[in-house]
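Take a look at the sequence and the model below. A short walk through a few of its parts follows.

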Amino acid sequence: MRPATPPTGLVYDPLFLAHDTGAGHPERPARLTAARAELALHPWYSGLLNLRATPPDTLWIETTHRLDYIKRAAQACLQGAPFLDTPDVPISRQSFDAALLAAGAGLRLADALMSGEIRNGFGLVRPPGHHAETAGALGFCLFNNVAILARYLQRQYGVAKIAILDWDVHHGNGTQHSFETDPSVLYISLHQYPHYPGTGGAGETGQGAGTGATLNCPMPAGATDAHYVAAFHAQVLPALALFQPEVVLLSAGFDAHRDDPLAAVNLSTDCYGWMTARVMEVAEQYAGGRVLSLLEGGYHLQRTGECIARHLGVLNGALSA
């Protein structure tokens, strides 16, 4: 009798809602509550394995961020400061705890993945992380969740080669800078350009030993599914095949959707399912199917929920694309 295929894992915690960004802010708790309401509409949702995250040891945060920054972030939240480093990172007293747990969500998924408890997984987390730099908060982000996850996989489990694919509509400046000199991590980003935060030109390919391990696929305003499909076939999939990652990580932002208010890329909900399926094919070929995904952006409540459902439905095999 064949063993049962492990389920898809999901990490969520109500503490993520306690990160209060203030009235009218696009990165708000309703992003997660709307997504959970959408997920509950799908019969396959009950088949996901719900995993509980715990706050990680600060040493894991230090793999990506300087200790003085971590302490400064904790103090700012404790003191009730209105923002951290820049007004586009509003904080509240529980923001540090939520950010710490968001980083811990990736680590919990990694433990479950590497033990065979799950076959792949998704972190429904906030605050997001890919703009956070080594010593500074930026763009709604406090800690770089996906970068911390990559370092954890390397140091805890000895994973030699990790690919990070970032399809958030904004370039993941913090993630790129975390690995731009490191040939063991392939960072690929598809994003509107020029657009916030201003980084991510095609000429940014890494530095030193990491030259060639950064691939930026800048997209013009008005880009459609066809632009992304073409970039996948011409650049993304060949780069992944050449690199042959042992684990694939996704910075899964859904703000390139045509209805999202913060950018001007025009992807459909279906395109996110298509991209997810292509990543899974690469992971099956080179990485034993190991894919972990963490939520980044996505600010149209209904569309983000629908895109997350499409993404998770393909991850768990309930949907095809």
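How many disulfides does the structure hold? It holds 0, a disulfide being a pair of cysteine sulfur atoms within 2.5 Å. Cys77 is in none, and its nearest cysteine sulfur, that of Cys141, is 14 Å away. Cys307 is in none either; the sulfur of Cys271, the nearest, is 9.4 Å away.

This is a predicted model, where local features need pLDDT of at least 70 and side-chain atom pairs count only at pLDDT 80 or more, while totals for chains, interfaces and linings use all residues. Residues are numbered from 1 along each chain as its sequence is written, and side-chain values use heavy atoms, leaving out hydrogens and water.

Cys307 is buried, at 0% relative accessible area (buried means under 20%, exposed over 50%, partly exposed in between, with a 1.4 Å probe and protein chains only). Cys307 is one of the buried residues of helix H9. Helices (H or I, at least four residues) and strands (E, at least two) are DSSP runs, numbered from the N terminus. H9 covers residues 301-315 and reaches 21 Å from its first C-alpha to its last. Its cover includes strand S1 (8-11), helix H1 (30-39) and helix H8 (269-286). Just after H9, Gly317 takes a positive phi of about 85 degrees.

Now turn to helix H5 (residues 145-157), where Tyr157 lies. Tyr157 counts as partly exposed because its relative accessibility is 33%. Its side chain joins that of Asp111 in a polar contact of 2.5 Å (a pair of N or O atoms within 3.5 Å; within protein, one must be able to donate a hydrogen and the other to accept it, and residues adjacent in sequence count only if both atoms are side-chain atoms).

Terms used. Expected span 1.5 Å × (residues − 1). Contact = heavy atoms within 4.5 Å.
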